[in-house]
Amino acid sequence: YEDTVFVYRTPQPIITGRDTICLNMTEPYAGSLAVSDTATNWSWNLGNGQSSNQPNVTVRYGATGSYTLQLTATNLIGCSDTITKIIYVAPLPTVTPVNDPITINAGGSANVLMNYTGNIISYIWTPSTRLSCTGCPGPAANPQSTTEYSVQVTVQYDCRNTGDVTGVVVCNQQNFFVTNTFCP
């Protein structure tokens, strides 16, 4: 008596994606196999009560901390294996103005001061016109008219946040408006 025995490899799943992600940011994760197999069923547990049966998923977490991603790959005859990946969800930096709005006397300047949390590695101020610097924490501004400034800060893991402050230009603490048309 002869018989043919088929031996199927137990799938070895792999999770590809970042180890640390930012709070409330969407991040992709990909499931794959160490040795390709076309007939594979996927089962994700995303660690936040959500699951998926697709090989690739997108996750988003609303709280900081550690989460465990779990991926199970099963072949046609029911052989399966599971892999886990622990990811850390980092907090976003905070950016709040010290005063908003800030008053700037016409022809003068004032420092645009913000309170920051997090280990800030970069600052980007916009608009850059009439600012003393665009990559510093508190530039001096001397706008010609009322201007809203925005700063985007970045911390480790490329987590970003923005804050806004308005610079109100006044003449001797009062605004004066001069018409540009006259009628005889």
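Leaving aside its neighbours within four places in sequence, which residues is valine 165 in contact with? The list, with contact meaning heavy atoms within 4.5 Å, is Pro97, Asn99, Asp100, Ile102, Val112, Met114, Trp125, Thr147, Glu148 and Tyr149. The model is a predicted one, where local features need pLDDT of at least 70 and side-chain atom pairs count only at pLDDT 80 or more, while totals for chains, interfaces and linings use all residues. Residues are numbered from 1 along each chain as its sequence is written, and side-chain values use heavy atoms, with hydrogens and water left out.

Now for the sheet. Strands pair if DSSP finds at least two bridges between them. S13 and S15 (residues 147-155) run antiparallel and are joined by six bridges. Tryptophan 125 stands opposite valine 151 in S15.

Those two residues turn up again in the largest nonpolar core, where Trp125, Val151 and Val165 have the most contacts inside a set of 19 residues. Such a core is a set of buried (under 20% relative accessible area, 1.4 Å probe, protein chains only) Ala, Val, Leu, Ile, Met, Phe, Trp, Tyr and Cys residues joined through side-chain atoms within 4.5 Å. S10, S13, S15 and S16 (159-170) each give two or more residues to this core, and S15 gives the most, with four. Apart from it lies another core of 17 residues, including Ile15 and Trp44.

Technical notes: Buried < 20%, exposed > 50% of the residue type's maximum accessible area, 1.4 Å probe, protein only.
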